[in-house]
Amino acid sequence: MKSPFPDVPTDRVLSIDALRGFDMFWIIGGGTLVIRLFEWLNLPFTGTVVAQMEHSAWNGFTFEDLIFPLFLFIMGVSIPFALTKRLQRGEPKGSLHIRIFKRFALLFFLGLVYNGLLNFNFADMRYVGVLQRIALCYLAASVIFINTGIRGQAIWTGAILFGYWALMALVPVPGFGAGVLTPEGNLASWVDRLVLPGRFCCFEYGDNEGLLSTIPAVATALLGVLASHWLRSNRTPNAKTIGLLAAGCLGLGAALIWDLVFPINKLLWTSSYVLLAGGWSLLLLAVFYWIIDVRGWRSWSFPFVVVGMNAIAIYLLSGMVNFNQLVDPFIRGLAGLTGDFRPVFVVSSALIAKWILLWFLYKQKIFLRA
């Protein structure tokens, strides 16, 4: 039987691309599709499902709160695969540092463009964001990976998580004191208000991709780096799967304990949130790895792989191109016949258009590896 993955190297861990594509599916419209679908079905638990497709207002955790840290985790998993090959080919560390910094600079610049840099409205511009955080986490995690071993990377991860907790608990905020974790009184928000120019997202007292909260996000990427070492080890595939499952459960348990003193909070990217999201990310990686790379059930994952291999491209396009308007001339007539199903049909059509574009790029072997 012909492989559905003619353009994927045979030595590639396909589950990583598939999991990245699964994650991107929710970013580029999958969450909206689920909301519209359940609103149309009007089931007794529709409200519960819709709530999971939205971020927590403050403390707490929903499915939507997993999406961004999962991406950073997968990026971390990819770092050893990419950089070890270059080290083994004899590429000097100095050259690798330059390559890493160039990639960081490009990602950060694309993030500024995404936020409206070319509008030249600098006073009202948002200077931090998703791509900027990805860039900073990639830079930090890659430099730590190149210059330390597994033990050093684990120490860095723990130091970041405990150090961030100490900062948030012990450093006083003028007018509020130390250890205040309200939206207006926490240290991370105060630093954003003090340092960051322009506007914030997504609450008024600071930015959800702000300066201080980017530090623990580095630990999220480092958890992926550590998981990658396990995947790349000489252990049996089943042992790797069990190890990932065990680590995921350990992360969930530690997060729930830490939540008692340092609440799980996506906006602040608290240390307990890092462990909770990391635990779920490890469990998802274990499931995808076992199904795709261990059992060899790969064909179903092809739509996700197509998305996952051009994740940055579709993120940028989804933010800059209105795909609903793009597909409207082609679906307007059919959409008018769908009645109450129209919102589901419209969102599905836009998602399909995005996938077709990515499939074309995939077939042409065009990948934005920013």
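Tutor: Start with a definition. Helices (H or I, at least four residues) and strands (E, at least two) are DSSP runs, numbered from the N terminus. Now take Glu209, which sits in the loop between β2 (206-207) and α8 (214-231). Keep in mind that this is a predicted model.

Is Glu209 buried or exposed? Buried means under 20% relative accessible area. Glu209 has 4% relative accessibility, so it counts as buried.

What surrounds Glu209? Set aside its neighbours within four places in sequence. Glu209 is then in contact with Phe68, Arg126, Val128, Gly129, Val130, Arg133, Cys201, Thr214 and Lys266. There is also a polar contact, at 3.3 Å, between the side chains of Glu209 and Asn208.

Now set two other residues beside it. Leu83 belongs to helix α3 (residues 67-88). Leu83 is buried because its relative accessibility is 4%. Beyond its neighbours within four places in sequence, Leu83 is in contact with Leu96, Ile100, Ser142, Phe145 and Ile146. Look at Phe145 in that list. Leu83 and Phe145 are 62 residues apart in sequence, while their C-alpha atoms are 8.8 Å apart in space.

Leu43 lies in a loop, between α1 (14-41) and α2 (46-52). Its relative accessibility is 31%, so Leu43 counts as partly exposed.

Notes:
Residues are numbered from 1 along each chain as its sequence is written. This is a predicted model: local features need pLDDT of at least 70, side-chain atom pairs count only at pLDDT 80 or more; totals for chains, interfaces and linings use all residues. Side-chain values use heavy atoms; hydrogens and water are left out. Buried means under 20% relative accessible area, exposed over 50%, partly exposed in between (1.4 Å probe, protein chains only). A polar contact is a pair of N or O atoms within 3.5 Å; within protein, one must be able to donate a hydrogen and the other to accept it, and residues adjacent in sequence count only if both atoms are side-chain atoms. Contact means heavy atoms within 4.5 Å.
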